Amino acid sequence: MGPTRNPAPGADGTHLTTCPLCEAMCGIRVEVSGGRVREIRGDDEDPFSRGHVCPKALALKDLHEDPDRLRRPLRREGSRWHEVGWDEALDEAAARLHRLQAEHGRDAVGVYFGNPTVHNLGLTVAAPFFLRSLRTRNRFSATSVDQLPHMLVAYHMWGHQLLLPVPDLDRTDCLVVVGGNPLASNGSLMTAGGVKRRLQALQARGGRLVVVDPRRTETARLADQHLFIRPGTDALLLLALVHVLCAEDLVRPSPALRRSDGHATLAARAAGFPPERVAAATGVPAGAIRDLARTVASAERAVVYGRMGVSTQAFGALCQWLINAINLLTGNLDRPGGALVGRPAVDLAAVPAALGVGRGSYDRWRTRVRGLPEFGGEVPVATLAEEILTPGDRQIRGLVTVAGNPVLSTPNGRQLDRALAGLETYVAVDLYLNETTRHAHLILPPPSQLERDHFDLALNLVAVRNTAKYSGPVLPRGADARHDHEILFGLVERLEAHRGGGRAPWRRRLQTALLRRLGPAGLVDLGLRLGPHGGGVLGLSPFRRGLTVARLLDQPHGVDLGPQAPSLLARMPRDRRIDLAPAVLLADVDRLEAALPGGSPGSASRSAPVPAAAPLVLVGRRHLRDHNTWLHNVPGLVTGRPRCTLLVHPDDAAARGLVDGAPALVRSRVSEVTVPVEVSDEIMPGVVSLPHGWGHDHAGVRLRVAARHAGASLNDLTDHEAIDPLGGTAVLNGTPVTVMAAAGPGAADCLSTSRLAGPAHHA
Ligand SMILES: Nc1nc2c(c(=O)[nH]1)N[C@H]1C(S)=C(S)[C@@H](COP(=O)(O)OP(=O)(O)OC[C@H]3O[C@@H](n4cnc5c(=O)[nH]c(N)nc54)[C@H](O)[C@@H]3O)O[C@H]1N2
Ligand SMILES: Nc1nc2c(c(=O)[nH]1)N[C@H]1C(S)=C(S)[C@@H](COP(=O)(O)OP(=O)(O)OC[C@H]3O[C@@H](n4cnc5c(=O)[nH]c(N)nc54)[C@H](O)[C@@H]3O)O[C@H]1N2
Ligand code: SF4
Ligand SMILES: [Mo]
């Protein structure tokens with residue numbers, strides 16, 4: 001038995017909490033003595049992760065203790081940084097942002113929210129209010145380099161962007177993973193602590209795991225079957241699967257099918273894509289496609305799941321639509337063992353749009369330069385640089401980034417790097433002075449991960465099982481530290497004050513004051529009481545001992561609320577039917593088809609010219625010991641052999657004279673990098689793979705460990721012009737490149753040409 005309550009922050013003893021780094025929500029035990037973290041282990045009694053952790057959990061200690069982590073606001077003058085006090089920093093930030101908006105209009109300030117936002121309770125709560133206060137239409141986030149197609153398709157199919165189907169991993173008999181590598185990523189839009197164990201359990205109960213991926217990944221190696229696929233061609237494969245299901249009468253009736261329209265339309269469109277027609281383009285034999293359709297259809301319970309490889313590619317929206325369609329047609333949507341939408345203790349999907357979390361929206365406005373449509377209140381981050389660089393009305397002159405490093409995480413990072421250098425005002429809310437924030441005028445750093453409350457508001461929405469856990473801080477926050485939400489609310493108050501000529505309108509003041517008063521914990525408490533396991537706002541009923549924050553604090557391992565249950569049909573807008581063939585998606589099949597005869601649809605869909613000799617296609621990958629762009633400053637995570645290597649198939653290597661361990665020059669339409677080659681037949685011929693998140697060789701960053709293992713940035717090669725036009729998601733997988741042997745840095749080295757170009761203001 002563990003303790004009944006956590007010790008006070010910083011007190012000696014075992015503190016139970018949740019690792020906030022990736023989506024897996026692993027319960028951890030943090031041993032503290034003498035005010036310091038001594039050990040971090042998995043929590044065997046966590047009802048969700050049951051002891052699982054990965055090597056990154058230990059990094060929480062290193063992150064906290066990292067001498068490079070910022071502890072005080074910084075202001076840049078030229079290329080020099082000075083510490084400033086919080087009030088001074090917040091006052092200046094708000095005054096500068098306000099001035100730009102007053103002079104040039106609200107859209108003159110852009111904002112980017114990065115990935116850690118959804119892992120941070122305070123930020124999840126405060127972000128909508130900050131956005132509402134900034135009132136800019138130039139809102140960007142990691143969504144458009146990530147899960148946007150899932151949300152877009154949910155919005156078009158059943159009218160709610162947050163009702164996202166998640167594989168019911170623990171009860172399915174057949175899981176088809178398309179473009180995801182949960183053994184490295186620990187699962188995404190499929191929060192599943194200890195995902196490997198869950199996959200092995202699926203196999204142990206006689207189930208089947210199939211992986212479709214251009215690389216024989218860690219997950220593919222575990223799988224019962226692995227199909228190599230040409231990058232960017234999955235929509236063809238998926239259409240062919242729909243074809244077989246319809247042609248062979250494998251469609252299974254279900255409540256979801258009864259509540260949907262468009263079945264015949266979809267079947268008619270798929271009729272033109274028999275497996276034989278797509279086999280050559282996809283590289284998947286027609287027989288294997290037919291078998292896969294039959295396998296999915298005949299399994300008692302099956303589910304198809306697609307992640308980054310099919311979300312961030314030229315036909316990402318088509319892929320996610322067809323995946324939902326296949327699950328529906330085989331009777332597996334909204335069904336145990338199939339795909340279920342999460343209904344967590346605090347149900348974000350039920351939060352009214354007035355609080356900033358809506359059902360979604362599409363094309364209410366467009367980006368200024370490229371005219372790309374808004375989705376869910378934001379625009380594609382692939383357009384951020386051009387919105388800064390292109391003069392004119394509504395040009396972005398000021399920027400706020402919160403928990404994001406878009407120079408390394410968004411396409412054509414070098415262009416963005418140059419754009420940021422020219423901003424009139426840039427305010428970063430971040431823990432580090434890194435590749436992106438080095439351009440800021442002010443950096444406002446929150447305390448470390450261990451110094452804050454934790455509750456997973458966002459991830460529980462996509463969890464394979466329902467649990468709830470609220471943890472206070474493990475360590476007291478540093479003297480004079482401000483939490484992310486306090487920083488954002490501090491900016492909101494000041495912006496409102498500027499606008500009201502010194503005083504914000506009373507209603508806004510009241511609301512902000514109330515929010516501050518409640519704080520993230522108070523809002524979670526309210527959400528719990530109003531949620532499916534709550535006892536009501538007053539919580540007075542003697543018959544319903546519903547969840548509250550206080551009750552969760554008494555159960556520091558977390559509480560188990562059982563498996564997910566079918567709820568999509570009940571929770572989608574009442575007047576809605578599921579649209580199996582939304583017009584926008586159906587129309588996009590024409591684009592797919594147009595790309596078919598000439599081979600790779602990935603390249604044909606690009607609006608940018610392809611380099612003359614582009615025989616190879618570049619995709620990304622993840623490693624268990626990386627986390628996006630920001631854990632390379634943790635010494636324990638960058639040891640061992642260099643991981644930032646270009647995987648090349650032996651045939652492709654031989655044809656180009658590439659040697660294992662020797663450097664290669666990789667060139668795309670937008671730039672080039674030099675990286676060591678790793679010859680391996682785990683990658684299919686014609687495809688090369690570079691990991692995402694490296695490239696720490698920029699001048700002026702304060703990342704001393706990472707700089708010694710800089711690597712090159714995959715996003716120096718990805719092309720900002722290459723987007724999925726449905727929603728504007730960046731094409732991060734399927735970039736045409738040329739590769740040649742390079743004279744240059746040694747095998748252990750790996751650098752991008754961005755090193756050569758220092759930012760203008762440092763010159
Ligand atoms: N080519 C290619 N590009 C990709 C991907 C890919 O697979 N291939 N993956 C994409 C995906 S899925 C994503 S989600 C994005 C991620 O890209 P980003 O949204 O840029 O997120 P991170 O790289 O995680 O950067 C996190 C930043 O937040 C800071 N930070 C960490 N925790 C906190 C906190 O609690 N508060 C604050 N204020 N700051 C914090 C870190 O110091 C770091 O600067 O990258 C995308 N880019
Ligand atoms: N260790 C670690 N864990 C992480 C992260 C991390 O950086 N490191 N990042 C977190 C984040 S923000 C996210 S969003 C998730 C992502 O989680 P995943 O999507 O599971 O992770 P990826 O490794 O990006 O998997 C993408 C796979 O798609 C394949 N692929 C590329 N192109 C194509 C294609 O055209 N078709 C098909 N079928 N496959 C293709 C790649 O080879 C790769 O295996 O991971 C999260 N967890
Ligand atoms: S898998 Fe690793 S990084 Fe992800 S939550 Fe668990 S311990 Fe943290
Ligand atoms: Mo992500």
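In the predicted model, Asn 412 is placed in the loop that runs between α16 and α17, the latter helix spanning residues 413-421. The backbone at Asn 412 adopts a positive phi of about 50 degrees, although the residue is not a glycine. With a relative accessibility of 6%, Asn 412 counts as buried, because the cut-off for burial is under 20% relative accessible area. A positive phi of about 50 degrees is also found at Ala 403, again a residue that is not a glycine. Ala 403 belongs to the loop between β17 (398-402) and α16 (406-409), and its relative accessibility of 15% likewise places Ala 403 in the buried class.

At the level of the whole chain, 25 helices and 31 strands are assigned. The radius of gyration is 25 Å, close to the 27 Å that the globule rule gives for 763 residues, so the chain is as compact as a globular protein of that length. Taken along the principal axes, the box filled by the C-alpha atoms has dimensions of roughly 70 × 65 × 50 Å. Of the 763 residues in the chain, 64% are buried, and the accessible surface comes to about 26,200 Å², with carbon and sulfur atoms contributing 53% of that area. When contacts between residues at least 6 apart in sequence are considered, 75% of them join residues at least 24 apart. The charged side chains comprise 87 positive and 76 negative groups, and the centres of these two sets are separated by 4 Å.

The largest nonpolar core of the chain contains 117 residues, and within this core Trp 321 and Phe 455 are the residues with the most contacts. Once neighbours within four places in sequence are left aside, the contacts of Phe 455 are Leu 121, Val 346, Ala 468, Lys 469, Tyr 470, Val 524, Leu 528 and Leu 552. Another core, of 32 residues, lies apart from the largest one and includes Leu 90, Phe 129, Val 427 and Leu 495.

Leu 163, in the loop between α4 (148-158) and β8 (165-167), is buried, with a relative accessible area of 1%. Although Leu 163 and Met 572 are 409 residues apart in sequence, their C-alpha atoms are 7.7 Å apart in space.

Gln 313 occupies the loop between α13 (308-311) and α14 (316-329), and its relative accessible area of 0% identifies Gln 313 as buried. The C-alpha atoms of Gln 313 and Thr 735 are separated by 9.1 Å, whereas the two residues are 422 residues apart along the chain.

Within helix α3, which covers residues 121-134, a proline is present at position 128. Pro 128 counts as buried at 17% relative accessibility, and its C-alpha atom is separated by 18 Å from that of His 98, a residue 30 places away along the chain.

Key
Residues are numbered from 1 along each chain as its sequence is written. Chains are lettered from A and ligands numbered from 1 in the order in which they are written. This is a predicted model: local features need pLDDT of at least 70, side-chain atom pairs count only at pLDDT 80 or more; totals for chains, interfaces and linings use all residues. Side-chain values use heavy atoms; hydrogens and water are left out. Helices (H or I, at least four residues) and strands (E, at least two) are DSSP runs, numbered from the N terminus. The radius of gyration is taken over C-alpha atoms; the globule rule is 2.2 Å times the number of residues to the power 0.38. Buried means under 20% relative accessible area, exposed over 50%, partly exposed in between (1.4 Å probe, protein chains only). Contact means heavy atoms within 4.5 Å. Accessible areas come from the Shrake-Rupley method with a 1.4 Å probe; for residues, only the protein chains shown count as cover. Lys and Arg count as positive and Asp and Glu as negative; His and the chain ends are not counted. The place of a charge is taken as NZ of Lys, CZ of Arg, CG of Asp or CD of Glu. A nonpolar core is a set of buried Ala, Val, Leu, Ile, Met, Phe, Trp, Tyr and Cys residues joined through side-chain atoms within 4.5 Å.
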